[in-house]
Amino acid sequence: MRVIAINPDEHLIACCGLTFEEIEELHLGDLRKKSIGEILRETPDDFIKIWIHMQGPDAVIDYARSVDPSIQVPAGMAHICDICRFMYHHPRILKALLKNPPPFRDDIIREYAMSLFRPVSQEDMEASIAFFQKGCSVEEVKGLRKMSLA
């Protein structure tokens, strides 16, 4: 998972978009009870989130519509977050995906896995490993945020 956020209630979220509070599947865990590392280690891999990350919610909806043409997409969704909210809330989209997994699923997962291994500096790699192994308290995350905004 490459995009995470913390909401005002100190929950770790798998998105930073406008509608994440309306999509329960994006809520990963409570930082008042567990560290970021603990939550991420306990979060199962989720193909839908990976697919959205790699190709956007439009691609997921387009595939669902290819296997269930009765799925209607409302006109006027002006933002990617609207599209994602629609996708997660439409009961037939998930049903279509579960019943007919995309034949290119392995390609998307492979592309995602390769994106995780892009070259980084030794310093960044060591900092990431230390951060993940140690876990991080909410106060430490708040401190990191203050440093990044300075």
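1. H3 passes H4 in a left-handed crossing. This is a predicted model, and the points below take its helix contacts in turn, then the sheet, an aromatic pair and one backbone angle. The axes of H3 and helix H4 (residues 80-89) come within 9 Å, and they cross at roughly 40°. H3 and H4 are therefore oblique to each other.

2. The H3 side of this contact consists of Pro-57, Asp-58, Val-60 and Ile-61, and the H4 side of Ile-80, Ile-83, Cys-84, Phe-86 and Met-87. By class, the residues of the contact of H3 with H4 are eight nonpolar, no polar and one charged.

3. H3 (residues 57-67) also meets H2, with axes that come within 6 Å and cross at roughly 115°. From H2 the contact draws on Trp-51, Ile-52 and Gln-55, and from H3 on Pro-57, Ala-59, Val-60 and Tyr-63. Six nonpolar residues and one polar residue make up the contact of H2 with H3, with no charged residues. Pro-57 and Val-60 of H3 are listed in the contact with H2 and again in the contact with H4.

4. The next packing concerns helix H2 (residues 47-55) and helix H6 (residues 105-116), whose axes are 10 Å apart at an angle of about 70°. An angle from 65 to 115 degrees counts as roughly perpendicular, and H2 and H6 are therefore roughly perpendicular to each other. The crossing of H2 past H6 is left-handed.

5. On the H2 side, Phe-47, Ile-50, Trp-51, His-53, Met-54 and Gln-55 take part; they meet Arg-105, Ile-108, Ile-109, Glu-111, Tyr-112 and Ser-115 of H6. The residues of the contact of H2 with H6 comprise seven nonpolar, three polar and two charged.

6. Four aromatic pairs are present in the structure. In one of them, Trp-51 and Phe-104 have ring centres 5.7 Å apart and planes at 75°, so the pair is edge-to-face. Trp-51 belongs to helix H2, whereas Phe-104 sits in the loop between helix H5 (91-99) and H6, so the pair ties together parts that are 53 residues apart in sequence.

7. Strand E2 (residues 11-13) pairs with E3 in the antiparallel sense over three bridges. His-11 has Asp-30 of E3 as its bridge partner.

8. One backbone angle deserves a remark. Most residues other than glycine have a negative phi. Glu-10 is not a glycine, yet it has a positive phi of about 65°. Where is Glu-10 found? Glu-10 lies in the loop between E1 and E2.

Key
Residues numbered from 1 in each chain as written. Predicted model: local features only at pLDDT ≥ 70, side-chain atom pairs only at ≥ 80, totals over all residues. Heavy atoms only, no water. Axes fitted to C-alpha atoms, helices over the stretch in contact; angles between N-to-C directions. Helix = DSSP H or I, 4+ residues; strand = E, 2+ residues; numbered from the N terminus. Parallel < 35°, antiparallel > 145°, perpendicular 65-115°, else oblique. Left-handed = near helix turned anticlockwise from the far one by under 90°. Contact = heavy atoms within 4.5 Å. Nonpolar A, V, L, I, M, F, W, Y, C, P; charged D, E, K, R; others polar. Pairing = 2+ DSSP bridges. Phe/Tyr/Trp six-rings, centres within 6.5 Å; stacked < 30°, edge-to-face > 60°.
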